[in-house]
Amino acid sequence: MLSVLETAWPQGLWIVAVLFLLVYIVRTSEKRELRQDEREKNYLTIIHWFIAQSGAAGPEEDSSKDVREYVIKRKAAKP
């Protein structure tokens with residue numbers, strides 16, 4: 001620790017500013033990630049609610065039906 005202070009002392013204010021900004025950026029990004037996770041959970045809740053209200057099949061079922069139909073058509077088109 002003493003060697004770090006000895007090497008940082010000539011740099012003075014710049015090293016303090018860099019360390020402050022580094023800590024600030026790390027903390028801010030952690031908070032941003034937590035907010036993003038919460039936002040994604042809310043979006044999924046809303047999407048599931050809309051799917052339940054509309055009575056439609058989920059996106060996974062729709063895409064699997066599309067893939068099956070495409071495969072069947074390709075097999076039928078081959079001589």
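Me: Start with Val-26. In which helix does Val-26 lie?
Reply: Note that this is a predicted model. The protein chain has three helices and zero strands. Val-26 lies in helix H2.

Me: Is Val-26 buried, partly exposed or exposed?
Reply: Buried means under 20% relative accessible area, and exposed means over 50%. Val-26 has a relative accessible area of 40%. That value makes Val-26 partly exposed.

Me: Which residues form the negative surface patch with Asp-37?
Reply: Asp-37 lies in helix H2, residues 13-54. Asp-37 is partly exposed, at 41% relative accessible area. The residues that form the negative patch with Asp-37 are Glu-30, Glu-33, Glu-38 and Glu-40.

Me: How many aromatic pairs does a search of the whole structure find?
Reply: Ring centres must lie within 6.5 Å to count as a pair. With the whole structure searched, the number of aromatic pairs is two.

Me: What kind of aromatic pair do Phe-20 and Tyr-24 form?
Reply: Their ring centres are 6.4 Å apart, with 20 degrees between the planes. Planes under 30 degrees apart count as stacked. So the pair of Phe-20 and Tyr-24 is stacked.

Me: By about how much of the helix are Phe-20 and Tyr-24 separated?
Reply: Both residues are in helix H2. They are four residues apart, so the separation is about one helical turn.

Me: Is Phe-20 buried or exposed?
Reply: The cut-off for exposed is over 50% relative accessible area. Phe-20 has 56% relative accessibility, so Phe-20 counts as exposed.

Me: What kind of pair do the rings of Trp-49 and Phe-50 make?
Reply: The ring centres of Trp-49 and Phe-50 are 5.1 Å apart. Their planes stand at 65 degrees. Planes over 60 degrees apart give one class, so this pair is edge-to-face.

Me: What share of the residues in the protein chain is buried?
Reply: The protein chain has 79 residues. It exposes about 7,800 Å², and carbon and sulfur atoms supply 66% of that area. Buried residues make up 3%.

Definitions and conventions:
Residues numbered from 1 in each chain as written. Predicted model: local features only at pLDDT ≥ 70, side-chain atom pairs only at ≥ 80, totals over all residues. Heavy atoms only, no water. Patch = residues over 30% accessible without salt bridge, like charges linked within 9 Å, V, L, I, M, F, W, Y side chains within 5 Å. Areas by Shrake-Rupley, 256 points an atom, 1.4 Å probe, with all protein chains shown as cover. Salt bridge = Lys/Arg side-chain N within 4 Å of Asp/Glu carboxyl O. Lys, Arg positive; Asp, Glu negative; His and termini not counted. Charge placed at Lys NZ, Arg CZ, Asp CG, Glu CD. Helix = DSSP H or I, 4+ residues; strand = E, 2+ residues; numbered from the N terminus. Buried < 20%, exposed > 50% of the residue type's maximum accessible area, 1.4 Å probe, protein only. Phe/Tyr/Trp six-rings, centres within 6.5 Å; stacked < 30°, edge-to-face > 60°.
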